[in-house]
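Subject: Structure for your files

Hello,

Here is the structure we discussed, with notes on what was found in it below.

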Amino acid sequence: MLRNFFKKNKNKKVVIIGLDGTPYSLLKNLINKDKLPNMSQIFSQGYFGPITVSLPEVSSVSWSSFMTGANSGTHGIYGFMDFKPGTYEIYFPNFSDLKTPTLFDELGEHSKKSVVINLPSTYPARQIPGILISGFVAIELEKAVYPSSLLPKLKEFNYRIDIDTSRARTDPEFLIKDLDEALKIREKTADYLWENVDWDLFMVVITGTDRLQHFLFDAYVDKDHPYHEAFINYYQKIDAFVGRIYEKYLKLKAEKAFFMLSDHGFTQIKTEVYINRWLYENGYLKFDTDRPQMVSDIGKGTIAFALDPSRIYINLKGKYPLGVVDKKDYHKLREELKESFLEIKYKGDPVLRKVFFKEEIYTGPYLDYAPDLILLSKHGYDLKATVQKDVVFGRSGLQGMHTYDDAFYFCDKDIECKTIFEIKEKIIRTLLEKCS
Amino acid sequence: MEKIIVVTGLPRSGTSMMMQMLKNGGIPILTDEVRKPDEDNPYGYYEFEKVKELKKDSSWIDNAKGKAVKIITELLYYLPKDKKYFLIFMERNVNEIVKSQRAMLERKGQIMKYSEDEMKLLYKKHLQEIKEWLKEQDNFITIFVSYNEVINNPQNVALKIQEFLGIELDIDKMIKSVDPTLYRHKSLDLEGLEEKNISAKIEKKEKEKIIEQLEMLGYL
């Protein structure tokens, strides 16, 4: 049985569409209202359900977990930013810092080629067996493409990695227009690569969904919002895009499987919760300046500090330059912090659902680099680690926040997954297993 | 109390390398040197023949007090339950392990019994089982050590081992005992990937753009 288990089948294909930040509940709601006819039909056969994702529930971590099937203790990415070991110096982990091979690398060892478009956390692009166009956070197109011979064609398409978020954040009219533009370019690129490249795995991620929801989630929730129709209309364009890809997929002359997923869900923000401000007001965090700009402005006497969005670090002696906490006090302090965090209330309502210790959710050789506590908030309470606020609760203008437990997953072959960590293995087995 | 230090891991996961680090760090090693150094392990295997009989005979275990002994993962189940063990569990990418094993067998004129894919599957399953089992054992105190981290950052690993064991070690000698040229079966043959913190080389301008993009989405 084992000998047959991995018998190669050269004529198998997998297609994956990622919708960054799309909640399972949103899709169900819009499908029930007959707004998404293509996804309604596609999801009616196979397995469609909610999944939980990484903690913290941010794209850099979650997509890394999707690609590797591993948690942060193994793949090494804990957030969009991190401290250089032994310092308070911030750096921005990128694809080069991912410590574990991706599913594209593993498939490549079986001579399977992947086309990957706009997958977050893959910048700068490096060689993979196939083609890679990096997604967020990606700064220069020249560094976001492998192989570089694809660049002229992408420039011909006016390819853009992301919308202009600095303008879109405060200009809904521009946001809708720029999302539309970006979607057209993404589809043009996908069409081109689908037809002109020999592939076994084809993946395209739409990140516009995440941008729309960060900036205009109120428009989804409120039927009377001036941009409510525009919000729904964008999802209908996504639905049309999915429908077109699915039609091409059906025409593939191969054994095949179709997957869709998101890397986290979304919900409306009630209030932002500035964790570093709370730590400061409760005596755990000190700064060496009156106007701290970043958490690296940490000062003497600091016991604990936070990194976005929900990571708490204990300022251990021997681990950090200004470390004050003795190892013998570590566990007691963790318990104390956990209890205190769980007591944080907004208008009488506790803001946190749970507080985890690192070893409860991470395993692997990079556990030492993990935050000591990880906070999971209740829906509506958007945790932030900015140090520039002088209140614990407030708003910034963003309307939607990420959620851990309302992401979605679909497979037309009835392959069930409950977490983002399981998907990679299922995809690999689909491509490498003997056809039944 | 003298500690029993056990170095474990799959074959070709860096167990001999760790034994050498510990030896050079000042930890006595329990070995009989029956298996001599060769091309696959030019600095030696640091094995103890009686470990192979652990299933039937564990009477020698008291000889391991205050020392490090290499025991493969499959035999951990047979260690006496009335003793406490400080376990250094070496981890390496399973693809690299299988490639390294194949190369070693080929050098000896032997072939692998199973295909590479079958070996990977069997190893992954075994690792899952042994780790689940270790979680249940109160008499094992475990540290997981990445083979890649030993190669790329031996100082960090040496300091972690020192802290884990609670024994002062000769860190400099431990670092010097790591030979990166013996890392021969990289799973990904990609130029520059093994260089850590390539992100540190991103230009300042790019960093400013990253900060701006993250701020727009509320991450900073």
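Which residues of α1(B) meet which residues of α5(B)? Met18(B), Met21(B) and Leu22(B) in α1(B) touch Pro154(B), Val157(B), Ala158(B), Ile161(B) and Leu165(B) in α5(B) (contact means heavy atoms within 4.5 Å). By class, this contact has eight nonpolar, no polar and no charged residues (Ala, Val, Leu, Ile, Met, Phe, Trp, Tyr, Cys and Pro count as nonpolar, Asp, Glu, Lys and Arg as charged, and the others, Gly among them, as polar).

This is a predicted model, in which local features need pLDDT of at least 70, side-chain atom pairs count only at pLDDT 80 or more, and totals for chains, interfaces and linings use all residues. Residues are numbered from 1 along each chain as its sequence is written, chains are lettered from A and ligands numbered from 1 in the order written, and side-chain values use heavy atoms, without hydrogens and water.

Helices (H or I, at least four residues) and strands (E, at least two) are DSSP runs, numbered from the N terminus.

In chain A, eight strands form an open sheet with mixed pairing, in the order β2-β21-β9-β1-β8-β5-β6-β7 (strands pair if DSSP finds at least two bridges between them). β2 (47–51) and β7 (145–146) of chain A stand at the edges with a single partner strand each, so one side of each has no neighbour in the sheet. Strands β1 (residues 12–19) and β9 (residues 255–261) of chain A pair in the parallel sense over seven bridges; Lys12(A) has Glu255(A) in β9(A) as its bridge partner.

Regards
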